[in-house]
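Here are some notes for a first look at this model. Please read them with the structure open.

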Amino acid sequence: MPSLFARGSNARDIAESLEYAMRSGALQPGDPLPAVRRLASDLGVNPNTVAAAYARLRNAGRLTTAGRHGTRVADEPPRPAPVFAVPPGLRDLASGHVDAALLPTASQLPSAPHNDTMWNAELQSLGCGWLQAQGLPQDAMGVFSGTLDAVERALRQHARPGDRVAIEDPCWPPLLALLHSLRLVPVGLPVDAQGVCVPPPGLLAGCVALVITPRAHNPTGAALGTTRWRTLRRQLQASPHTLLILDDHWGLLSQAPLAVAGALPPLWLHVLSVSKALGPDCRVALVAGTPHLVQGMCAHQTLGPRWVSRWLQAWVARLWSQTRKGREPGSLRHMAARYGARRTVLVRALRDEGVEIACGERGEGLHLWLPVPHEAAVAQFMAARGWAVQVGAPLRLQAGPAIRVSIGTVGPRDMARLARDLAAALRHTARAVF
């Protein structure tokens, strides 16, 4: 492209002419832009003027620059992902839903005080107590509308379009969609039985953030080991501007220790979601972290939704309070034990069928990750047996093909049949039909 779409003699006019070309469709996502000196020569302006125009568009997420590959029009943010329903007649092993029968219920609806405080006092007290028990500081805390809301506000506070963010591979698909919408570049780190693997030296220095799941990793179920964390922490200490974000979505139900406790890097954020333990409509996440980061997130929140529903906070506080003690049905310990038992039964049944799971019985959470030769073939085989499983493609960057099996709604009595069908699916060899 010469100067066909660029006009103007100053940075603002040049940037506006290019942005108009993008909005009109004359410039498409991925289209290259001319080098700075070439466009400056075409327009008869100083190269610094064109460089400033490109910088304005790059900072707005409209352009990307990749070294020798030059400057290009940025990809469009993703549209909302379509919602796929499990076909009738199939058992749902794909969605990752919790078992509604295990969730607690409250006998009486709570009332929320009408005041200007952003926090429900009881919820804040419960959060402080839980963080203290986990070995995490409570100096700066906030409450947000779920994990993605908290992570998005942290990244908007700390990152700029074009920045690199290290994440687990495989990972939670909504995180990939969020990074793309923020025009951030995901850098995948493999996951094994000890959690996220330590990246090569220097990689974290080139990333503005590292987002990991410290326990019950989705989709493998792995928990970050203490030895692994110490090595990872040394790299974070050497990269003090890299933000560590801990997605602790299984925290209230976890039986694994929090390896990061007492040894946090300079810049960190812990996100505790309650929706897995208290119900999917409890869209509340408590955060703790480096004070200036959390304060900025809270300030940004006041410019939009302003606060999380005080009634919802009161509801969460009531459910959390009534479930945190005892082992009776509806308690956190009872739910954790039931999910743990289901996972153990399935892992052992798979082992009896000759199928080993990387995390084995040490893993926890709702998911198992099974490497497979052909995702679609295995998913079709399982559907023929009455099971709907999640193919791994939406969850991975460079990781090999696999399927995710979610066990939240499968009872122990069905695990033997499920294990037999999974083992048969893994042995099944797909053949091309012409």
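1. Start with helices α2 and α3. V36, R37, L39 and A40 of α2 touch P47, V50, A51 and Y54 of α3. By class, that contact holds 7 nonpolar residues, 1 charged residue and no polar ones. Helix α2 covers residues 36-43 and helix α3 covers residues 47-59. Their axes come within 8 Å and cross at roughly 115 degrees. The crossing of α2 and α3 is right-handed. Keep in mind throughout that this is a predicted model.

2. Next, look at α5 (residues 147-158) against α9 (residues 291-302). These helices pack at an angle of about 110 degrees, and their axes are 9 Å apart. That makes α5 roughly perpendicular to α9, because angles of 65 to 115 degrees count as such. From α5, the contact uses A150, R153, A154, R156 and Q157. From α9, it uses L293, G296, M297, H300 and Q301. By class, the contact of α5 with α9 has 4 nonpolar, 4 polar and 2 charged residues.

3. V378, F381 and M382 of α12 meet L418, D421, L422, A424 and A425 of α13. The classes here are 7 nonpolar, no polar and 1 charged.

4. Is H249 buried or exposed? H249 has 15% relative accessibility, so it counts as buried; the cut-off for buried is under 20%. H249 sits in the loop between β9 (243-247) and β10 (268-273). Its side chain reaches the backbone oxygen of A216 at 3.4 Å. Setting aside neighbours within four places in sequence, H249 contacts T213, R215, A216, N218, V271, S273 and K276.

5. A216 lies in the loop between β8 and α7. With 3% relative accessibility, A216 counts as buried. A216 is not a glycine, yet its phi is positive, about 55 degrees.

6. Where else does a positive phi turn up? R306 is not a glycine either, and its phi is about 80 degrees. R306 is placed in the loop between α9 and α10.

7. Check the peptide bonds too. Most peptide bonds are trans. The bond from D169 to P170 is cis, with omega near 10 degrees. P170 is in the loop between β5 (164-169) and α6 (173-181). N218 and P219 are also joined by a cis peptide bond, with omega about 25 degrees. P219 is in the loop between β8 (209-212) and α7 (226-238). N218 is among the residues in contact with H249.

8. Last, which residue lies 217 residues along the chain from T105, with C-alpha atoms 9.3 Å apart? That residue is Q322. Q322 belongs to helix α10 (residues 310-323). Q322 has a relative accessible area of 37%, so it is partly exposed.

Conventions
Residues numbered from 1 in each chain as written. Predicted model: local features only at pLDDT ≥ 70, side-chain atom pairs only at ≥ 80, totals over all residues. Heavy atoms only, no water. Contact = heavy atoms within 4.5 Å. Helix = DSSP H or I, 4+ residues; strand = E, 2+ residues; numbered from the N terminus. Nonpolar A, V, L, I, M, F, W, Y, C, P; charged D, E, K, R; others polar. Buried < 20%, exposed > 50% of the residue type's maximum accessible area, 1.4 Å probe, protein only. Polar contact = N/O pair within 3.5 Å; in protein donor to acceptor, adjacent residues only side chain to side chain. Axes fitted to C-alpha atoms, helices over the stretch in contact; angles between N-to-C directions. Left-handed = near helix turned anticlockwise from the far one by under 90°. Parallel < 35°, antiparallel > 145°, perpendicular 65-115°, else oblique.
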